[in-house]
Amino acid sequence: MLKIFAAFVKKEVFHILRDTRTLIILFGMPIALVLIFGYTITNEFKGASMAVYDEAKDELSQDLIAHITASGHFELITLSENIEALDAAFKAGDAKIGLVIPAGFEQDFYKEKQTALQLITDATEPNYAATLTNYASQMIRAFQQEKGEVADMPYQIDLEMRMFYNPKLVGAYTFVPGVVALILMLICAMMTSLTIAKEKEMGTMDLLLASPLPPILIILGKVTPYSILSFLSALVVFAMGYFIFEVPILGSLPLLLGLCLLYLFVALALGVLISTKAQSQQTAMIISMFALMLPTMLLSGFIFPIESMPEILQFITKIIPAKYFIIIEKAIMLKGAGLESIWQQTLVLMLMVFVLLMAAWKNFKVIYK
Amino acid sequence: MQTAIKTESLTKTFGEFTAVNAITFEVKEGEIFGFLGANGAGKTTAIKMLIGLSRPTSGEAKVAGFDVYKEAELIKQNIGYMSQKFSLYEDLTVYQNIRFYGGIYGLKRKQIKEKSAQIIETLGLTEQAHKVVGSLPQGWKQRLAFAISGVHDPKIIFMDEPTGGVDPATRRQFWEMIYQTANNGTTIFVTTHYMDEAEYCNRISIMVDGRIDAMGTPRDLKTQFEAESMDEVFVKLVRGK
């Protein structure tokens, strides 16, 4: 039996080696994804173009503008003469953030102890706009403290902020676990479903089923090479994260890899399940795209935080395996957590493997009918 | 002579639709049995029940002496199957294909070596042995697929429309190969919708709408239906009902 299995795996390896496209997907895609995410997606910004409409034109308003632009985060592109000019700067897309300083700014600030400023942002890019406002308001607050006579305030709360587990807010800390989850799901599930669908499309599946090979061996023979390859591919992503983007692995590496395998089984089971439904490679591809790739990217918390989703979507995220795996990865890598804090997620993944395998098995038998 | 295949009221229904309607027939060992019928007459469904890819709804069938319900695994070890699409792995070489199928039928390394050498020589594929199957002409793929279906020396070879999309000259060559195999004692069960091919078979059955409407040697059938050719037999049979 083992020899028959070996013959089967050998054949799969020949298929993969013959097909350079598959190899490129297996190893090229993870590397490309990590580099793209690593160098393009970042929360930091520099030189955001800023338009200022300074009605006050007093010493304090000059100081404020100098204070904000000095950091290098904002670049003053235009000093508008009136509110219409400011509006035009936004329409033309020249300005991303605008600051309006009202007349009598300095006087109000010192005498009345109360004044107002207006911040305007171009929210066609909402995330960017939110980041800019946060930054600018922090700077204005600092400016206020610097200029204002602190002693005048009877009570004061000193806020000290600490960013746990990722003090510098490095983007790589979130995308490396995300990419691993995406890659494993994509390669394992998509490749498995494609290769089984291919056998059906070519008619070779009938030959295999007409041979004395037990069906379980057909499935195992098909998934083994791909699981090994995608595991290697995940290792490449972890290594790139560790060596290039300095994403730490604080917890136990064996635990991380072990749970990586568990997640891989979920993906494989999904792939087999899809292939039992899809009669052609094209169908398998489309199902994988819509049922796996998009949900994994959008609903796993990889790119968009689950907490800010509408309730119905939050509910749907509960069935996305990547969600649990990303929590596990982050806990082990960034917090150095052990199994005691992630056993719930681990259990969910185990349950998923079980349910999916049962479903796949039940559907696979349908071929016999 | 021994019986290779025997069915008794073998039936397969899909919901309301009866694909195969109580077919009863017998195939002797070493016989070339032609299983004829128009597209959609139920030939493929029947063949799938016989090789264990599909479970009959009712009726009895024995293949190579084994029961299709209880001994499907034993049947599988004793039969070869060639499907409509000459199902080979197009991206593997001729040699790799032979080795793979030898491997899954549990042949020993030495046996696989001998078999591959033999198949490659008989088919005259020495120069192409290490080329991918996809690059071969249809006719060669077809003969290779047939040779591979017999890699484990099965008692019966089932062929489902093995001559689709192949020109007449190549078809004749292919039938010569079938004759040789049958002469060595292998039973051949072949489905086709080319009536001219029926003449090559020892005995044929003609299926119309899931039922076997006529069965016998080509000559008997022509006499029975007062026809010149099998084509005419078929036309009369379909019009007659």
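## Model and confidence

Chain A has a mean pLDDT of 86, and 95% of its residues reach 70 or more; pLDDT is the predictor's confidence in each residue, from 0 to 100. This is a predicted model, in which local features need pLDDT of at least 70, side-chain atom pairs count only at pLDDT 80 or more, and totals for chains, interfaces and linings use all residues; side-chain values use heavy atoms, with hydrogens and water left out. Residues are numbered from 1 along each chain as its sequence is written, while chains are lettered from A and ligands numbered from 1 in the order in which they are written.

Helices (H or I, at least four residues) and strands (E, at least two) are DSSP runs, numbered from the N terminus. Where pLDDT is low, the predicted coordinates should not be read in detail.

## Domains of chain A

Chain A is split into domain 1 (2-41 + 169-368) and domain 2 (48-152), with bounds that come from an automatic or database domain assignment. Between the C-alpha centres of domain 1 and domain 2 of chain A the distance is 48 Å.

## Nonpolar cores

The largest nonpolar core has 162 residues. Such a core is a set of buried Ala, Val, Leu, Ile, Met, Phe, Trp, Tyr and Cys residues joined through side-chain atoms within 4.5 Å. Buried means under 20% relative accessible area, exposed over 50%, and partly exposed in between (1.4 Å probe, protein chains only). The residues with the most contacts inside the largest core are Ile5(B), Phe25(B), Val63(B), Leu144(B), Phe158(B), Phe189(B) and Ile206(B). Its largest share, 16 residues, is supplied by helix 7 (residues 172-202) of chain A. A second, separate core has 20 residues, including Met50(A), Ala56(A), Leu132(A) and Met139(A).

Leu144(B) is in contact (heavy atoms within 4.5 Å) with Leu88(B), Val94(B), Ile98(B), Ile119(B), Leu123(B), Leu125(B), Val133(B) and Leu136(B), leaving aside neighbours within four places in sequence.

## Helix 3 of chain B

Helix 3 (residues 94-104) of chain B is mostly covered, with nine of its eleven residues buried.

Just after helix 3 of chain B, Gly106(B) takes a positive phi of about 75°.

Helix 9 (residues 215-243) of chain A has 29 residues and should span 42 Å at 1.5 Å a residue, which agrees with the 42 Å between its end C-alpha atoms; the expected span is 1.5 Å times one less than the number of residues. Helix 9 of chain A bends by about 30° at Val223(A), and Pro225(A) follows within four residues. The bend is the angle between axes fitted to the seven residues ending at a residue and the seven starting there. Ser230(A) lies in helix 9 of chain A and is buried, with a relative accessible area of 0%. Beyond neighbours within four places in sequence, Ser230(A) is in contact with Leu184(A), Ile187(A), Cys188(A) and Leu264(A).

Ser193(A), in helix 7 of chain A, is buried, with a relative accessible area of 0%. Not counting residues up to four places away in sequence, Ser193(A) touches Gly271(A), Ile274(A), Ser275(A), Ala284(A) and Ser288(A). Ser193(A) and Gln282(A) are 89 residues apart in sequence and 10 Å apart in space, C-alpha to C-alpha.

## Partly exposed sites and positive phi

Leu76(A) lies in strand 2 (residues 74-80) of chain A and is partly exposed, with a relative accessible area of 32%. Leu76(A) touches Met50(A), Val52(A), Ile65(A) and Thr69(A), not counting residues up to four places away in sequence; Met50(A) is also included in the second core. Ala142(A), in helix 6 (residues 126-147) of chain A, counts as partly exposed at 36% relative accessibility.

Ser9(B), in strand 1 (residues 3-14) of chain B, has a positive phi near 50° and is partly exposed at 32% relative accessible area. Glu226(B) has a positive phi of about 50° although it is not a glycine. Glu226(B) sits in the loop between helix 8 (218-224) and helix 9 (230-240) of chain B and is exposed, with a relative accessible area of 66%.
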